[in-house]
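Please view the sequence and the structure first.

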Amino acid sequence: MTEVNNVELEARLENRERFEPPESFVEQANIVDDAIYDEFEGNWPDCWKRAADLLDWETEYETILDDSNPPFFEWFTGGSLNASANCLDRHLEDRGDEAAIEWVGEPADEDNRTYTYNDLHREVNEFAAALRDLGVGEDDIVTLYMPMVPELPIAMLACARIGAPHSVVFAGFSADALATRMNAADSEYLVTCDGYYRRGDALEHKAKTDEGLGGVDHDVRTVVVDRLGDEYDHPMASGEFDYDDLVAEQAGTKVEPVQRDAEDMLFLMYTSGTTGEPKGVKHTTGGFLSWASWTSQAVLDIKPEDTYWCSADIGWITGHSYIVYGPLALGTTSVMYEGTPDHPTRDRLWEIVEEYEVDQLYTAPTAIRAFMKWGSQYPKRHDLSSLRLLGTVGEPINPRAWKWYYTHIGNENCPIVDTWWQTETGGMMLTTLPGVKDAKPGSAGPPLPGIDIRVVDTRGNEVEPGKAGYLTVNKPWPGMLRTLYNNDDRFISEYWAEYSDTESDDPDDWVYFPEDGAKIDEDGYITVLGRVDDVINVSGHRLGTMEIESAIVGVEGVAEAAVVGGNHELKGEAVYAYVITEEEFDGGEELRSRIVEGVEDAIGPIARPEEIVFTPELPKTRSGKIMRRLLEDIANGEELGDTSTLRNPDVVRDIEATVGDD
Ligand code: WT7
């Protein structure tokens with residue numbers, strides 16, 4: 001970039017100017033007509049036929065939206081379909097020999113595997129048959145505790161084929177976290193892996209699985225994928241089956257896709273909330289699949305001939321919607337990478353973009369901040385001219401990171417979509433349609449067509465432009481969660497109680513509350529400010545502060561703990577833990593390392609505290625509530641606000657002094 005360009009770009013960011021999509025992009029975009037916003041508003045909810053029409057239905061649906069029992073909204077009722085048939089079978093005739101998944105292993109090129117749609121179809125059928133032979137029936141929940149190996153999407157689609165919902169547990173989660181989720185879902189089947197590669201090392205996964213299974217309160221049949229070969233010898237216990245053996249036994253077997261009702265569960269995904277108990281978010285076959293497909297087409301601009309890459313992990317919702325279901329339903333090529341972006345060198349991602357001629361890249365601001373820190377020499381080594389669109393998800397992207405992405409990766413020639421959504425929404429909600437709307441760095445954008453999002457105050461009245469308020473979704477949408485598994489009451493209290501008349505059977509009285517703060521500009525663009533509940537966002541991963549606190553108080557010697565998110569240059573937020581020790585224990589290095597270990601055992605390394613502050617007391621209100629805001633201010637080194645409502649105002653100064661000492 002020339003100096004003149006740079007100065008000009010800085011000025012545009014400074015003035016919060018908008019960036020028009022390049023002409024070359026608009027010319028070929030899937031959606032180019034601005035009229036879609038009015039059209040969807042005027043024709044709501046029938047507009048969602050457009051999403052449903054992207055799928056092949058075995059039985060046509062009768063009703064687009066059944067809102068007779070809010071907030072239990074139902075979509076495309078009366079219709080039936082199968083998700084694996086939509087992601088595989090219907091593409092075979094035209095695209096059977098085209099790549100469905102380009103899998104890139106971390107260590108070396110010889111590891112890479114291309115699965116054409118024919119290949120994927122074959123193996124999904126074989127594994128579906130194997131699962132059935134193991135006893136998996138329709139509606140049995142199968143847990144998938146797997147890293148980024150191709151067998152993960154294969155297992156997901158195999159489950160979908162036989163109508164068994166999957167529950168994917170992020171491989172980085174701990175043994176305890178696996179056990180909690182399997183118990184909560186009564187899941188009697190597990191697919192796991194011997195291990196995987198991380199920064200060049202073979203990381204074992206099977207022993208962690210075994211430990212987790214020790215905490216499951218019912219019998220489990222387990223399938224083990226062999227990723228590491230001889231590198232890691234893992235004994236197989238009774239009730240355990242080798243993936244390759246099972247698939248070999250079923251060579252060539254075909255499984256007729258089970259037709260699922262549109263509202264039947266496609267999968268469960270556990271996510272963190274305000275309390276310590278993870279929430280089992282239920283997504284359905286018709287609504288979720290149409291939502292993932294529609295947004296993949298409209299926002300990511302995916303076409304079948306593209307090579308598209310989302311660098312998320314399939315253990316999170318982003319990978320479900322935008323590595324597996326959306327892209328494969330559209331028949332495109334989806335890239336899947338096993339490892340980290342800095343192995344063997346810090347240009348690994350750019351090497352992959354160049355080699356596979358990636359058209360769209362969808363990643364997270366936390367990754368972009370790391371790339372920025374490493375420097376532009378890494379992307380410069382590669383030809384990135386295949387890129388046509390860039391996307392981000394997971395947290396707000398600050399204008400500096402936006403600029404870096406725009407210039408060094410997009411060569412000022414790719415629109416950037418900053419997509420706000422969450423596990424519960426199933427897919428994107430707030431973002432720009434890239435061929436229609438300008439991008440405004442730092443602001444996700446207006447709601448997608450047909451989505452009614454407003455920013456309101458505590459009473460539910462819309463706030464003026466520029467003022468902070470709460471994000472609310474005022475109309476249902478097809479990709480929405482249907483409930484929390486086995487917990488309709490919590491579903492209502494977590495997401496609807498805040499702004500809804502919970503006695504009402506008028507759907508208009510029900511407002512969905514995502515627990516995010518936001519502000520809206522005069523032009524209708526919305527900037528998301530972050531969570532307003534006790535959830536923190538570490539590197540785009542959602543963690544409940546209560547979950548971390550309960551892990552910490554489980555450590556011997558800890559009397560009380562409070563966890564908050566503090567600002568972090570790379571991670572966005574980091575975990576700050578304030579800990580009161582029991583009388584006879586000292587807050588020293590030994591206890592510190594046992595606390596770290598306790599958190600890693602209960603949740604996983606992603607929740608590891610950045611800082612642990614030992615303190616004799618925690619700031620509490622007169623009613624005994626911990627004042628987290630104050631602790632956040634201390635973590636961020638900010639000016640402290642009003643402490644007059646505190647029972648123990650002095651303690652704040654003491655803690656501040658301790659943090660300052662470090
Ligand atoms: C929370 C959801 C969406 C899939 C990945 C995370 C935050 C997400 C953005 C964005 C600002 C964002 C919100 C949201 N978030 N995307 N573009 N701008 N904030 O899914 O684990 O369910 O987390 O991530 O706070 O509520 P999740």
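## Tryptophan 75

In this predicted model, tryptophan 75 has a relative accessible area of 0%. Buried means under 20%, so tryptophan 75 counts as buried.

The structure holds 36 aromatic pairs. One of them joins tryptophan 75 to tryptophan 44 in an edge-to-face arrangement, with 6.4 Å from centre to centre and 90 degrees between the planes. Tryptophan 75 belongs to strand β2 (residues 74-77), while tryptophan 44 is found in the loop between α3 (36-42) and α4 (49-52). These parts are 31 residues apart in sequence, so the pair ties them together.

## Tryptophan 496 and tryptophan 510

The ring centres of tryptophan 496 and tryptophan 510 are 6.2 Å apart, and their planes meet at 70 degrees. An angle over 60 degrees counts as edge-to-face, so this pair is edge-to-face. Both residues lie in the loop between α18 (488-495) and β23 (516-520), 14 residues apart. Tryptophan 496 and tryptophan 510 are both buried.

Trp496 and Trp510 also belong to one aromatic cluster.

## Charges over rings

Which residue has its charged end over the ring of phenylalanine 19? That residue is arginine 12, and its charged end is 4.0 Å from the ring centre.

Phenylalanine 173 has arginine 181 over its face. Here the distance to the ring centre is 4.7 Å.

How values were computed
Residues numbered from 1 in each chain as written. Predicted model: local features only at pLDDT ≥ 70, side-chain atom pairs only at ≥ 80, totals over all residues. Heavy atoms only, no water. Phe/Tyr/Trp six-rings, centres within 6.5 Å; stacked < 30°, edge-to-face > 60°. Helix = DSSP H or I, 4+ residues; strand = E, 2+ residues; numbered from the N terminus. Buried < 20%, exposed > 50% of the residue type's maximum accessible area, 1.4 Å probe, protein only. Lys NZ or Arg CZ within 6 Å of the ring centre and 35° of its normal.
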